[in-house]
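Here is a short tour for a first look. Keep the sequence and the model side by side as you read.

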Amino acid sequence: MALVVFRRFPGSLYGTPHCPALIKHHVDKKLADQTCDDCALPTRKIITHTRMTATLKLLKPVKYKVFSSPFAYSATQSMAYWSVGSSTRQGGQDLPEHHSLHCAARKNKNIASIASSQRGLGFGKASISNASTLQPGSPCAVRVDEEDVEVFDSLEDIRVFLQLRPEYQLHSYTRSETCQPLSVSEGELILHKVTVYQSSLQPEVIVDYFCKLSTLPAEQHPGLLPRSSFALLCQLSVKNIQLFHIEDLISILKAFVGLGIPRSHPILDVYETRFCHQVWKMSLNQLLLVADLWRYLGRRVPRFLNIFFSYLNLHWKELSLSQLIHLIYIIGESREVPQDLMQKLELLIVKYIDLINLEEVGTICLGFFKSSSSLSEFVMRKIGDLACADMKNLSNRALVHILKMFRFTHVDHVKFMKQFGEIAPQRIPSLGVQGVMHLTLACSALRFLDERVMNAVAASLPPRVAHCRSKDVAKILWSFGTLNYKPPNTEEFYSSLINEIQRKMPEFNQYPEHLLTCLLGLAFSEYFPTEFINIALSPGFVRLAQEKSKFELSKELYTLDGTVGIECPDYRGNRLSSDLQKEASAKLWDLARKDMTSKPEFLEAFSLLETMLGGPQYIMHHMILPHTRSSDMEVQLDANRKPIPFNRDAIPTDDVAKIKLKPVGVSLTDDLMNQLLKGKPRGSFKREIESKTRQQPMELDNKGAINMEDAHCNVADTLGTMEVAGPCPPVQIETPLVKLAIQLTNRNQYSYGSRDLLGLHNMKRRQLVRLGYRVVELPYWEWFPLLKRTRLEKLAYLHEKVFTAL
């Protein structure tokens, strides 16, 4: 079997691409080259293309190993010489993106993934089941060859748990099963017998022939599958399929695995249908073994699994510990399962929790995570306790899988995260980039900022950034941006990832959501690569994002567009259309309004502020920056620190109509008309009007503000005392001296256990300041305790917050 080695170097075939132009705007723009205090990367360094390119030229070339498999190209012709009565099913045959094509070369234990998008977590050789070599400070945990870290078998890697108990051998498939190898001459003899004795072959002989042919040397398999004699054997098996016992069917399915039958082969349709008919006659061990064989073939079998799950709903209490763990693994790989069955399985997890080892804990977490099934907080805390009890011996594999489930359930196990922060920096060099991505993403999802972990990630990535998929680049940039953290090697870290975006553009066209994730993560950290922003907001890419992605990306596009509009005043590239802006704004406002008005703490704060200020005209709940996805309470103050009634929509039309109006004009009498026609001096005319009306003309305050002596007075009552002429011209409101954006924050807007804002919320405040707003925060650690205090204490607190903002 030929070994083909591909080398990938940073840069394209046409040379190292230039770094896209960046715009980095700071709040203080007096000096063009001034460095922001909170940013380790000066403006002038960011926009220097040659310096960033030079950084990447120092990167170590990365090697990819791909094993040649002629079988992959010839297998599709294997059924050209026979026909099957049932039609070939086209749907549901594609594996998830991380699954690699099953081929004969998998007998090599160190086979690499065929494409970077099909790689798994990449735990490397150093990640063994007990992780004894990965204890902090051990040489293997620190000095791991880069190529070894990235080379692994994505199928076998997550099946390590099957080696931990002998019971697993009863219901799982393993390639280590010893069998007598078949010589080439013996194989030729069998194929000759199939051709000669085809009409008289008994079912047990057909089974025996399949089993023996599967033991041929692996290099013979590609040549065997297209042969007409083998196709005839397949046809005979279909003809006699009703005569096979369950053990015979399983043996033939094992032979298919050994021969590397492609998952799209039409004979597998026939066998799946037959197994569906046999489910209720099979034992739990047999059902698990068949499901495992389908998994090894890389074929999705939703019909079989649906019937299997129905069977399990009646027999779930009979599952042993090994059967339970194996079942959860199979469920995770199939991705779909009835949630009522998962709830039953969770009860069994609680039953066996004290007997489960750490590798099996990782398998449980991965299975539930992949099937989008949640575990209760109680079970997650038990899992965290188990991991904490022996964290040093927790394998990299299990560690990542457990973190995935903590990320999915949002359970905050403080002790686990603290111990994770202690061991992760030593583990990161022994993790593949996908494992590093999952660790980083878990930290951001849990709002857990540990500088040791983030610094280790930032130091580890630049030398092997070419191993990243587009998803890895996106999630890592998002994580650092979300946690609002810049590592010591900020320039090297961001320049390597930004340059990698250029090389990953073909992948971003396949997964447009990943490019938007990259750009938003960069925006949180005040990096704006204008070349990629121009692409992301182009009509073609917007259309691609709407049509090709499985996600609804209008909010992401709108957030990026609104951010660029505020923070990149010199940007002249593509922008989102007004229709899409309006559509996204309406969706976001609907979500934000429902979210805030469902919170008692917000409603009370808004009501008290309205009372304190004098009425609904003085406060407005809206999205000052719609693209930031959250709303604020806006208040405007004049030069005398008095509220301005800027919210004209606050009073309902019916209430305005109820206000009794007195005319301030004059009646047009004959005498008055005569005077007008004859003409009189201007002063005399004014005195005439005043004498007719017996009233001085009303003068509206040109500031438009209503002087408020009593903070609790109602603005409607004040308006009721005014006597206004018929159609009144609009009042001219003075430009406010201060515009306040009052924010009621919650703990999810900060890093865990700190008062440091996360990336999106920090970016929002940055943009509010740019637009001239003063941000007034009602932090949860101050406001929530006040909810139990008296009304006067709350009013005093709010008064101080609002009127000391200047």
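## Overview

The chain has 37 helices and eight strands. This is a predicted model. Of the 806 residues in the chain, 52% are buried. Take the contacts with a separation of 6 or more: 80% of them come from residues 24 or more positions apart.

## Strand β7 and Gln743

Start with strand β7, which covers residues 738–744 and includes Gln743. Is Gln743 buried or exposed? Gln743 has a relative accessibility of 8%, so it counts as buried. The cut-off for buried is under 20%.

The side chain of Gln743 makes a polar contact of 3.0 Å with the side chain of Arg765. Leaving aside residues up to four places away in sequence, Gln743 also touches Asp632, Lys764 and Leu768. Val775, Val776, Glu777 and Leu778 are among its contacts too.

The charged end of Lys739 sits over the ring of Tyr773, at 4.5 Å from the ring centre.

## Helix α37

Helix α37 runs through residues 791–803. Its 13 residues should span 18 Å at 1.5 Å a residue. The end C-alpha atoms are 18 Å apart, so the model agrees with that expectation.

Which residues of α37 are buried? They are Lys794, Leu795, Tyr797, Leu798, Val802 and Phe803. The elements that cover them include helices α30 (600–613) and α36 (780–786). Strands β6 (632–637), β7 and β8 (773–778) are also among the cover.

## Aromatic pairs

How many aromatic pairs does the structure hold? There are 23. One of them is Phe602 with Phe606, a stacked pair with 6.0 Å from centre to centre and 25° between the planes. Both residues lie in helix α30, four residues apart, which is about one turn of the helix. An α-helix has 3.6 residues a turn, so residues three or four places apart point the same way. Phe602 is buried, with a relative accessible area of 3%. Phe606 is partly exposed, at 21% relative accessibility.

Tyr750 and Tyr780 form a tilted pair, because their planes stand at 55°, with the ring centres 5.9 Å apart. Tyr750 lies in the loop between β7 and α35 (759–770), while Tyr780 is in helix α36, so the pair ties together parts that are 30 residues apart in sequence. Both Tyr750 and Tyr780 are buried. Elsewhere, Phe275, Trp294, Phe304, Phe308 and Phe309 form one aromatic cluster.

## Cysteines

How many disulfides does a search of the whole structure find? The search finds zero. A disulfide is a covalent bond between the sulfur atoms of two cysteines. Cys365 is buried, with a relative accessible area of 0%. Cys388 is buried as well, at 9%.

## A loop residue

Where is Ala639? Ala639 is in the loop between β6 and α31 (653–658). Ala639 has 54% relative accessibility, so it counts as exposed. Ala639 and Leu737 are 98 residues apart along the chain, yet their C-alpha atoms are separated by 5.5 Å.

Key
Residues numbered from 1 in each chain as written. Predicted model: local features only at pLDDT ≥ 70, side-chain atom pairs only at ≥ 80, totals over all residues. Heavy atoms only, no water. Helix = DSSP H or I, 4+ residues; strand = E, 2+ residues; numbered from the N terminus. Buried < 20%, exposed > 50% of the residue type's maximum accessible area, 1.4 Å probe, protein only. Polar contact = N/O pair within 3.5 Å; in protein donor to acceptor, adjacent residues only side chain to side chain. Contact = heavy atoms within 4.5 Å. Expected span 1.5 Å × (residues − 1). Phe/Tyr/Trp six-rings, centres within 6.5 Å; stacked < 30°, edge-to-face > 60°. Lys NZ or Arg CZ within 6 Å of the ring centre and 35° of its normal. Disulfide = S-S within 2.5 Å.
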